[in-house]
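This report goes through a few parts of one structure, part by part. Please keep the sequence and the 3D view open while reading.

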Amino acid sequence: MKMHMIIDELLRQNSLALPASDFMAQALYHPEQGYYRRPLGPWGFEGKDYYTALDLGPLLGEALALRLERAWERLDRPGVFTVLEPGAGRGWLGRDLLGAARGAFAEALVYVHRDDNPAAREMAAKALEPWLESGKARFIQEGDGIAPFSGAILSNELFDALPAQPWRWTGEAWEREVLTADGPGWEASDAGEAGAWFAAHAEDGLQPGDGSIWCEGLPQLVAELCGALQAGLFLAIDYGESASRLLSKGAGLRRYKGHTVDGRWWEEPGESDLTADVDFTRLESLLRGAGLSGSGHVSLSRWIREHAPLADWEEAWQSLDSVARVKRMENLLQLTLPGMMGERFRVLEAWANGCSAS
Ligand SMILES: C[S@@+](CC[C@H](N)C(=O)[O-])C[C@H]1O[C@@H](n2cnc3c(N)ncnc32)[C@H](O)[C@@H]1O
């Protein structure tokens, strides 16, 4: 069935007002027609829809390798340190991580890729080939249970890809964004838990026009992932803000196609990416509820400055040819400049089972 027929059918089933989050779920994850179920990946530059930090070079993976090595040390250097990456896409972060790890940490490191996107699986099978062969990397399916492990859960741009519902406060009632037969619109609806959360996080009380997004599936995913992490680090990289900042600036769905971005989420379902800012306050609260502690989130720029060995990198880059050296510098600038990824992306860290927060 074609995507527009799927949406028409859902409109009929929903009395002609389909919540935006239900639309997003179908547009991205319909088993045959969903954007993230297509045989070709959306990532990259020329002819693609968007790039992520991994397209810019290996520095994020290299910085993470050092960060995870410290987590491994904090766990008293276990013989196996498993890194599970949900939403792993092409497996490039795993590749960069495995390529950068050194010494006894590299021996302990096992990377687990989880992403049912067929394009992701195919590209990851190539990127991770040497480690798949040696048993240092493996795949798991999203529906499979996750065997308990010690190590880390790592994600880059996973949470922004979960179906999310925009809400806004009129001054008297909550409205949710919907698609009708005439196009997008807003309908009055009971905001339930979402409304209570927004009200609790509006710093000066709710103002007409305040609004944010609510990701219904977040608690279940957090519980599933954290339930498996016996001890270690949870680290998520994504764009978003605290709950109060999202409310005051207004948050909605964004559509990416061919490296342009707009708010026309209802157009071309299955052919363009849909995404929403992550509510980091809520993610942290759910992590605490799952028993993790010491959580906090900082801008990617600050995280890189705290965790990347910038002086060592600078010295090592002197021996590269000028093209390679400039590429590394560009990679670093992309990760740290405020208008690029430096302030738009945040890194959240939390600890499972008694690890301290530093
Ligand atoms: C925005 S892409 C990011 C891919 C990759 N991390 C990168 O940075 O290039 C989001 C990915 O998350 C995957 N995804 C969404 N929900 C997931 C879940 N519950 N478990 C695992 N992967 C998921 C999608 O299939 C998609 O490939």
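Three strands form an open sheet in the order 12-11-13, with antiparallel pairing. Strand 12 (260–262) and strand 13 (273–276) are at the edges and have a single partner strand each, so one side of each lacks a neighbour in the sheet. Direction ignored, neighbouring strands of this sheet are turned by 30° against each other on average; the axes behind this angle are lines fitted to C-alpha atoms, and angles in general run from 0 to 180 degrees between N-to-C directions.

Strand 11 (residues 253–257) pairs with strand 12 in the antiparallel sense over three bridges, and Tyr-256 stands opposite Val-261 in strand 12. Two strands count as paired if DSSP finds at least two bridges between them. Strands (E, at least two residues) and helices (H or I, at least four) are DSSP runs, numbered from the N terminus.

## Basis of the model

The model is predicted: local features need pLDDT of at least 70 and side-chain atom pairs pLDDT 80 or more, while totals for chains, interfaces and linings use all residues. Residues are numbered from 1 along each chain as its sequence is written.

## Strand 16

Eight of the eight residues of strand 16 (residues 345–352) are buried, so this strand is largely enclosed by the rest of the structure. Buried means that 20 or more other C-beta atoms lie within 10 Å of the residue's own; exposed means 12 or fewer, partly exposed is in between, and C-beta atoms are placed from the backbone. In a regular strand, side chains alternate between the two faces of the sheet. Phe-345, Val-347, Glu-349 and Trp-351 point one way from strand 16, and Arg-346, Leu-348, Ala-350 and Ala-352 point the other way.

Strand 16 has antiparallel pairing with strand 10 (residues 229–241) over eight bridges, where Leu-235 has Glu-349 as its bridge partner. Strand 15 (residues 292–299) also pairs with strand 16 in the antiparallel sense, over six bridges; here Ser-299 is bridged to Arg-346.

Leu-11 belongs to helix 1 (residues 3–13). Leu-11 counts as partly exposed because 18 C-beta neighbours lie inside 10 Å. Leaving out residues up to four places away in sequence, Leu-11 touches Leu-16, Leu-18, Leu-179 and Ala-181, contact meaning C-beta atoms within 7 Å, placed from the backbone.

In helix 11 (residues 280–289), the buried residues include Phe-280, Arg-282 and Leu-283. Just after this helix, Gly-291 takes a positive phi of about 95°.

Key:
Two residues are in contact if their C-beta atoms, placed from the backbone, lie within 7 Å.
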